[in-house]
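Welcome, and please load the model in your viewer. We will go from stop to stop, selecting a few residues each time and looking at what is there.

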Amino acid sequence: MKNDKRELILNAAQELMCKIPDKEISVNLIARTAGIAKGSIYYYFESKDEILDAVVEKCYKNAIHEFFRELNSEESALNKIKLLFQSMLKSEFSNNQQNFILTLHLHEDLLLHNKLKRIAVQEISPILTALLQQGCNEGSIQTNYPKESAEMIIAILAFFLDNTFFPSDNISMNHKLRTLAYSLEMFLNAEKGSFDFLWESDETLKEEI
């Protein structure tokens, strides 16, 4: 029952985050949307910011769960990295068929965008660190600093998807993903084409080039 009410609060906050800017969300509004008393919220969370952080963290953790659910332990590091990146770029962040993380990036809300970047680095980079280390062991990539490299890559990807810094149409986004794929090849000393999945994975983008 305790966890059910906490989930009710998070679901209400997530619903609001998809509709209105962070600054317009209040604990009162979350409580009304959840259909519970305002005082009940403070039993689980100390502030609105803590609730919003928990929503974003939950969505990243859901994506990580999907990544591991789809993961084949025998796959190469590059194939695992492909699966991880696709979970960031596409449907694995979905909620009722809605890509929640990318939806939030459409908001012109710098505070919220900074939450996304911070939590992405915290939640995703440890997984990527292990994959980079595996790639080094396999010889498919080269880096002396897998942890730092992973943090940089996730930070760049999270920043790269932020439309407040890089507003773009589908064609422009495809070109940026091509550039990112090439940069990762150089950064990780990977074979040419190793990260082409970043732009090849979306058929709608390919058709518009």
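A salt bridge here is a side-chain nitrogen of Lys or Arg within 4 Å of a carboxyl oxygen of Asp or Glu. With that in hand, select Asp 53 and Arg 118: their side chains meet in a salt bridge, at 3.2 Å from N to O. This pair links distant parts of the chain, with Asp 53 in helix H4 (residues 48–70) and Arg 118 in helix H7 (residues 110–138), 65 residues apart. Helices (H or I, at least four residues) and strands (E, at least two) are DSSP runs, numbered from the N terminus.

Before moving on, a word about what you are viewing. This is a predicted model, in which local features need pLDDT of at least 70 and side-chain atom pairs count only at pLDDT 80 or more, while totals for chains, interfaces and linings use all residues. Residues are numbered from 1 along each chain as its sequence is written, and side-chain values use heavy atoms, with hydrogens and water left out.

**Zoom out: the whole chain**

Switch to a cartoon view of the protein chain, which has 11 helices and two strands. Accessible areas come from the Shrake-Rupley method with a 1.4 Å probe; for residues, only the protein chains shown count as cover.

How many of the 209 residues count as buried, as a percentage? The value is 48%. Buried means under 20% relative accessible area, exposed over 50%, and partly exposed in between (1.4 Å probe, protein chains only). A contact means heavy atoms within 4.5 Å. Among contacts between residues at least 6 apart in sequence, 65% join residues at least 24 apart.

**Colour by confidence**

Next, colour by pLDDT, the predictor's confidence in each residue, from 0 to 100. The chain averages 80, and 78% of the residues score at least 70. Select residues 91–98, where pLDDT stays under 50 and the model has 18 contacts beyond four places in sequence. Then select residues 203–209: pLDDT stays under 50 there too, with 12 contacts beyond four places in sequence.

A search of the whole structure finds six salt bridges. Return to Arg 118 for a moment: it is partly exposed, at 37% relative accessible area. Now select Lys 19 and Glu 15, whose side chains meet at 3.1 Å, N to O. Lys 19 is exposed because its relative accessible area is 58%, whereas Glu 15 counts as partly exposed at 38%.

Another stop is Arg 69 with Glu 70, where the closest N and O atoms of the salt bridge are 3.1 Å apart. Arg 69 counts as exposed at 52% relative accessibility, and Glu 70 as partly exposed at 43%.

**The aromatic rings**

Show the side chains of Phe 85, Phe 195 and Phe 197, which form one aromatic cluster. Rings of Phe, Tyr and Trp (its six-membered ring) pair if their centres lie within 6.5 Å; planes under 30 degrees apart count as stacked, over 60 as edge-to-face and the rest as tilted. The whole structure has four aromatic pairs. In one of them, the rings of Phe 195 and Phe 197 have centres 6.0 Å apart and planes at 45°, so the pair is tilted. Are these two residues, Phe 195 and Phe 197, buried or exposed? Both are buried.

**A nonpolar patch**

Bring the surface back and select Met 152, Ile 156 and Phe 187, a nonpolar patch with about 270 Å² of accessible area together. Patches are made of residues with over 30% relative accessible area and no salt bridge: like charges are joined within 9 Å, nonpolar side chains (Val, Leu, Ile, Met, Phe, Trp, Tyr) within 5 Å. Phe 187 lies in helix H9 (residues 170–187) and is partly exposed, at 35% relative accessible area.

Finish in the loop between H9 and helix H10 (197–200), where you will find Asn 189. Most residues other than glycine have a negative phi. Asn 189 has a positive phi of about 50° although it is not a glycine, and it is partly exposed at 46%.

In this loop between H9 and H10, also select Glu 191, which counts as exposed at 64% relative accessibility. Leaving out residues up to four places away in sequence, Glu 191 touches Ser 140 and Glu 185.
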